[in-house]
Amino acid sequence: MTNDTHTPGPWNVYFDDEGVVIRAGGDVMGMTINGLQMEANARLIEAAPEILDMLKGWIERYEQGRCPDGALLGNTRQIIAKAEGAKQ
């Protein structure tokens, strides 16, 4: 693993007639043109910082010999739902 840094989240997705814009704060992270999988890909990209944080939490608890708790499991389900485009 590397210690590369990324633009901190949250990342937000905006849809318009041209395609998708992905923003972090005021910065544009990326833009896509309409396509068959545009919305699904954009939602997954938007959830990426939270997915990374969740995975780090799982590893930390595992390395400490603890099972993940109910709060972490609930948070995991919420992040998966977000990545899959569920309305929150």
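Tutor: The part to look at is Arg43, which lies in helix α1. Helices here are DSSP runs of H or I with at least four residues, strands are runs of E with at least two, and both are numbered from the N terminus. The model is predicted, so local features need pLDDT of at least 70 and side-chain atom pairs count only at pLDDT 80 or more, while totals for chains, interfaces and linings use all residues. Residues are numbered from 1 along each chain as its sequence is written, and side-chain values use heavy atoms, with hydrogens and water left out.

Arg43 has a relative accessible area of 16% and is therefore buried; the term means under 20%, against over 50% for exposed and partly exposed in between, with a 1.4 Å probe and protein chains only. Leaving aside residues up to four places away in sequence, Arg43 touches Val13, Phe15, Lys82, Ala83 and Gly85, where contact means heavy atoms within 4.5 Å.

The axes of α1 (residues 38–63) and α2 (residues 70–83) come within 8 Å and cross at roughly 160 degrees. The crossing angle is why α1 counts as roughly antiparallel to α2, a term for angles over 145 degrees. Axes are lines fitted to C-alpha atoms, for helices over the stretch in contact, and angles run from 0 to 180 degrees between N-to-C directions.

As for the whole chain, its elements run β-β-β-α-α from the N terminus, giving 2 helices and 3 strands. Of its 88 residues, 25% count as buried.

Technical notes:
Parallel < 35°, antiparallel > 145°, perpendicular 65-115°, else oblique.
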